[in-house]
Amino acid sequence: MRFRVSENEFLKKAFRHAYTSKGGGDTGEGWQSQAMRRIRQIGPLKSAAGFWPAFEGMVWRLAPVSCLLVLVLTLFFVSMEQDVDSDYLGTMAAEVEKPSLVELFDLEG
Amino acid sequence: MQNDAFRSSDADIVRQVLDGNVNAFESVVLRHRGLVLSIVKKHVPEDAVEETTQEAFVRAYQSLPTFKGTGHLSQWLSSIAVRTCYDYWRKAYRSREIPISALTEKHSQWLEETISKMPEEVPDERERQMEAREILNWALGKLSAGDRMILELVYLEGFSVKEAAELLGWTKANVKVRSFRARMKLEQLLSIVKEQERRGR
């Protein structure tokens, strides 16, 4: 889409001039004292140096490391369980497959 | 107080405020009131300038713990001022407090004349500035708060996408998309005004 009207050089200039020359009257000093009154009502900022803000910062910094650690440990345990399972199955299979002496020499009856 | 305000650096004052000295914030107000006022004056109507500036400084105080001190305090305050103006418009649009005056034939005539000027004609920028402002206010009033802010910053003030993104706290991609959409809406609105002039003939 081409901006035929809004990109017209003269119109854009006229708009920009009208926009930037929007002076606005002089403002008094009242708003400053009102702003400071509101700020004093809020009181000192809670983040003033203390244990918790520093701790919070540390928690967020450690969060990715903790996530990675959880992931690695999960993978480790999952693979370990599979190993145990396969060992167990392997032993079972060996037990089943191993022929007893009786079977081997057909000594029965 | 005013002399003290200019003696210590912004970083010192911020540290004092964060250490619990509420009154030290007055130095921030004194130092940066001109900057914040100039931003607010551009974006909000005259009768809302003082209230919005006041709100911007209160927000700046409350958000001071998030100021990392890596950039200039003035940049950080500019961004807070722009976002406060954006919130002003969001609130105004929600409560429909924006007076949208209807445009007359005079406006559409002005628009037609302006866009049909020949390149060799040197336009008098002050010429019939009133019409330009009224058409602009009418068009901006028809847009959403976000579209309005992005048009004012990028199209009218000439900020780059990156600068506008920093000021509004949006991503660059978001600014690009919204800027394009807002320009398209402005184009449509202006085309309507232009069409009215053609029909009137």
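How many helices and strands are there in chain A? There are 4 helices and 0 strands. This is a predicted model. Along the sequence, chain A reads α-α-α-α. Chain A has 109 residues, and 9% of them are buried.

One residue of chain A is worth a stop. A:Glu29 sits in the loop between α1 and α2 of chain A. Is A:Glu29 buried or exposed? A:Glu29 has 8 C-beta neighbours inside 10 Å, so A:Glu29 counts as exposed. Now look from A:Glu29 to A:Gly90. The two are 61 residues apart in sequence. In space, their C-alpha atoms lie 86 Å apart.

Next comes the meeting of the two chains. Chain A gives 33 residues to the contact, and chain B gives 40 residues. On the side of chain A that touches chain B, two or more residues come from each of α1 (9–20) and α2 (30–42) of chain A. By class, that side of chain A has 17 nonpolar, 11 polar and 5 charged residues.

Turn to chain B. Chain B holds 10 helices and 0 strands. Its pattern along the sequence is α-α-α-α-α-α-α-α-α-α. Of its 201 residues, 34% count as buried. Contacts in chain B also span the sequence. Take those between residues at least 6 apart: 70% of them join residues at least 24 apart.

Chain B is divided into two parts, domain 1 (1–98) and domain 2 (99–201). How many residues does each domain give to the contact between them? Domain 1 of chain B gives 10 residues, and domain 2 of chain B gives 12 residues. On the side of domain 1 that touches domain 2, α5(B) gives the most, with 8 residues. That side of domain 1 has 5 nonpolar, 3 polar and 2 charged residues.

Two packed helices are described by the angle between their axes and the distance between the axes. Start with helix α3 (residues 25–43) of chain B and helix α5 (residues 73–94) of chain B. Their axes come within 9 Å and cross at roughly 30 degrees. Angles under 35 degrees count as roughly parallel, so α3(B) is roughly parallel to α5(B). The crossing of α3(B) past α5(B) is right-handed.

Which residues meet there? From α3(B) come B:His32, B:Leu35, B:Val36, B:Ile39, B:Val40 and B:His43. From α5(B) come B:Ser74, B:Leu77, B:Ser78, B:Ala81, B:Val82 and B:Cys85. By class, this contact has 8 nonpolar and 4 polar residues, with no charged residues.

Now follow α5(B) to another partner, helix α9 (residues 161–168) of chain B. The axes of α5(B) and α9(B) come within 7 Å and cross at roughly 75 degrees. Angles from 65 to 115 degrees count as roughly perpendicular, so α5(B) is roughly perpendicular to α9(B). On the α5(B) side, the contact is made by B:Ser78, B:Ser79, B:Val82, B:Arg83 and B:Tyr86. On the α9(B) side, B:Glu166, B:Leu167 and B:Leu168 take part. By class, the contact of α5(B) with α9(B) has 4 nonpolar, 2 polar and 2 charged residues.

Two residues link these views of α5(B). B:Ser78 and B:Val82 are among the residues that meet α3(B), and B:Ser78 and B:Val82 also take part in the contact with α9(B).

Technical notes:
Residues are numbered from 1 along each chain as its sequence is written. Chains are lettered from A and ligands numbered from 1 in the order in which they are written. This is a predicted model: local features need pLDDT of at least 70, side-chain atom pairs count only at pLDDT 80 or more; totals for chains, interfaces and linings use all residues. Axes are lines fitted to C-alpha atoms, for helices over the stretch in contact, and angles run from 0 to 180 degrees between N-to-C directions. Angles under 35 degrees count as roughly parallel, over 145 as roughly antiparallel, 65 to 115 as roughly perpendicular and the rest as oblique. A crossing is left-handed if the near helix is turned anticlockwise from the far one by less than a right angle, and right-handed if clockwise. Two residues are in contact if their C-beta atoms, placed from the backbone, lie within 7 Å. Ala, Val, Leu, Ile, Met, Phe, Trp, Tyr, Cys and Pro count as nonpolar, Asp, Glu, Lys and Arg as charged, and the others, Gly among them, as polar. Domain bounds come from an automatic or database domain assignment. A residue is buried if 20 or more other C-beta atoms lie within 10 Å of its own, exposed if 12 or fewer, and partly exposed in between; C-beta atoms are placed from the backbone.
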